[in-house]
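Reader: I am new to this structure and would like to learn how to read it feature by feature. Could you show me where to begin?

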Amino acid sequence: MNYRNIAVLLVGTLIAALVAGCGGTKPPMEGTKELIAGGDPPKWASNPHKESDKKFKAFVGVSRQYTMESMARNDARLDAFKQAIDDMGVYGERKIYQVVSEMGMSSDIVNPGVVQDELTRLRTRGVATGEIKETHVQHWRKFEGGKWRDYYIVRCLFLVPRDAAKQFMQDVLKAQADAAQAEKDRANLLRAMEKMKQLQAEDW
């Protein structure tokens with residue numbers, strides 16, 4: 001066998017190997033995920049309480065998967081806002097009953113429905129107070145339906161003034177007083193509202 005034949009044989013073998021290699025490449029498994037950009041979430045994403053201080057309480061909002069980064073950012077903000085409102089509602093209701101009890105009033109003077117109405121009003125009003133301090137964006141892709149699909153997940157650190165909780169409680173008591181049918185109840189609720197103004201909301 002001369003050198004020319006050997007060369008032809010080697011080239012043919014190489015081409016056959018390449019063809020076989022291409023034909024044997026398996027597609028990714030369905031559901032395979034790859035992080036394209038963004039890296040691991042920062043520390044505040046898993047421990048927002050360390051970002052809280054005497055003036056602000058911190059919450060972390062996490063978005064769902066969106067193909068547009070702007071939509072993921074908005075979803076993260078809304079998630080953080082919802083957490084803040086729900087937490088404020090639990091705290092506010094407990095504090096209102098505490099103040100009413102300390103002032104020697106019956107807890108029956110407080111209508112739980114009014115508390116929920118004020119929470120609903122806050123939710124529909126949107127982000128009236130608070131600011132986004134940090135944002136972390138992850139760009140992912142996922143193999144599904146035989147092709148890659150890109151999406152974004154966003155986390156945001158949302159700071160809410162602690163005074164917002166005190167204002168919420170005052171608004172609840174004012175609404176309670178306006179709805180009270182007995183003048184005595186109305187006067188007591190207004191007294192409770194004045195007492196609430198003197199409290200510090202640092203324990204929220």
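Reader: Which residue stands opposite V62?

Author: Strands (DSSP runs of E, at least two residues, numbered from the N terminus, as are helices, which are runs of H or I of at least four) count as paired if DSSP finds at least two bridges between them. Here V62 stands opposite R155 in β4, and β2 and β4 (residues 147-161) pair in the antiparallel sense over seven bridges. This is a predicted model, in which local features need pLDDT of at least 70 and side-chain atom pairs count only at pLDDT 80 or more, while totals for chains, interfaces and linings use all residues. Residues are numbered from 1 along each chain as its sequence is written, and side-chain values use heavy atoms, with hydrogens and water left out.

Reader: In what order do the strands of the sheet lie?

Author: The sheet is open and has four strands in the order β1-β3-β4-β2, with antiparallel pairing. Because β1 (33-37) and β2 (56-62) each have a single partner strand, they stand at the edges, and one side of each is left without a neighbour in the sheet. From one strand to the next the twist averages 25 degrees, where axes are lines fitted to C-alpha atoms (for helices over the stretch in contact) and angles run from 0 to 180 degrees between N-to-C directions.

Reader: Which helix packs on the sheet?

Author: Contact means heavy atoms within 4.5 Å, and by that rule helix α2 (residues 69-102) touches β2, β3 (131-144) and β4, its direction making about 135 degrees with that of β2.

Reader: How many residues does the largest nonpolar core have?

Author: A nonpolar core is a set of buried Ala, Val, Leu, Ile, Met, Phe, Trp, Tyr and Cys residues joined through side-chain atoms within 4.5 Å; buried means under 20% relative accessible area, exposed over 50%, and partly exposed in between, with a 1.4 Å probe and protein chains only. The largest such core has 36 residues, and among those with the most contacts inside it are M88, I96 and W204. The helix α2 gives the most to this core, with eleven residues.

Reader: Which residues of α5 are buried?

Author: An α-helix has 3.6 residues a turn, so residues three or four places apart point the same way. In α5 the buried residues are N188, L189, A192, M193 and M196. They cover an arc of only 145 degrees around the axis (taken from the directions from the helix axis to the C-beta atoms), which puts them on the same side of α5. The face turned away from this buried side carries the exposed residues E183 and K184.
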